[in-house]
Amino acid sequence: MKHSLKAAFLLIALFVFHSAVAQENFKKTTLVKNIFSALKNQDDTKIIESLANEEEILYLIPIIQANSSENIPEVATIIANFKTEAAKDFQEVLRKGTAFNVQWEDIKLQMVRYEPQPDDKIAIEKGHIILVCSSNDVDFEVILTKSVKIKDNWRLMDRMKFRLL
């Protein structure tokens with residue numbers, strides 16, 4: 001009985017340790033660095049760099065088509081739509097933050113959280129990456145919804161949202 005209890009405890013300890021160590025440090029990802037820099041400098045060029053490029057979209061298309069009957073537009077159309085929507089979302093985040101007295105040049109990144117949003121149909125890592133920031137005694141989050149990991153790189157694939165804490 002003692003040995004099975006010790007074995008169970010050891011197994012649980014290894015599982016917890018592995019889970020804690022295996023988690024990616026999102027604060028160091030290029031996506032988070034680019035988005036934070038874009039916010040701090042109020043410059044959307046880093047946002048555009050954070051979007052999936054043509055090669056990455058071409059990589060995703062067969063994965064999506066294999067599990068969906070969805071009609072997928074041409075790559076150039078996808079990229080143009082991503083750029084347009086990302087620029088609008090970025091401006092909206094800046095506008096909302098400014099309305100709540102966020103001084104963008106003084107923001108500090110407190111922490112980064114990840115909330116997995118798996119898709120049963122598509123075997124690709126996807127989730128919300130949440131930048132918890134502060135500026136001028138204002139605590140807020142910038143949420144990168146449904147970000148996707150493509151070939152070991154996290155990419156902004158959906159909306160950016162601003163939320164006060």
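Modeller: Rings of Phe, Tyr and Trp (its six-membered ring) form a pair if their centres lie within 6.5 Å; planes under 30 degrees apart count as stacked, over 60 as edge-to-face and the rest as tilted. By this rule, there are seven aromatic pairs. In one of them, Phe26 and Tyr114 have ring centres 4.7 Å apart and planes at 15 degrees, so this pair is stacked. Phe26 belongs to the loop between helix 1 (2-22) and helix 2 (30-41) and Tyr114 to strand 1, so the pair ties together parts 88 residues apart in sequence.

Helices (H or I, at least four residues) and strands (E, at least two) are DSSP runs, numbered from the N terminus. This is a predicted model, in which local features need pLDDT of at least 70 and side-chain atom pairs count only at pLDDT 80 or more, while totals for chains, interfaces and linings use all residues. Residues are numbered from 1 along each chain as its sequence is written, and side-chain values use heavy atoms, with hydrogens and water left out.

Colleague: How are the rings of Trp104 and Phe162 arranged?

Modeller: Their centres lie 6.5 Å apart with planes at 70 degrees, so the pair of Trp104 and Phe162 is edge-to-face. Trp104 is in the loop between helix 5 and strand 1, and Phe162 is in strand 5 (residues 160-164), 58 residues apart. Phe100, Trp104, Phe140 and Phe162 form one aromatic cluster.

Colleague: Is Arg155 buried or exposed?

Modeller: Buried means under 20% relative accessible area, exposed over 50%, and partly exposed in between (1.4 Å probe, protein chains only). Arg155, with 14% relative accessibility, counts as buried. This residue is in strand 4 (residues 153-155).

Colleague: Which side chain makes a polar contact of 2.9 Å with that of Arg155?

Modeller: A polar contact is a pair of N or O atoms within 3.5 Å; within protein, one must be able to donate a hydrogen and the other to accept it, and residues adjacent in sequence count only if both atoms are side-chain atoms. The partner is the side chain of Glu56.

Colleague: Which residues does Glu105 touch?

Modeller: Contact means heavy atoms within 4.5 Å. Leaving aside residues up to four places away in sequence, Glu105 touches Lys40 and Gln42. Glu105 counts as partly exposed because its relative accessibility is 42%.
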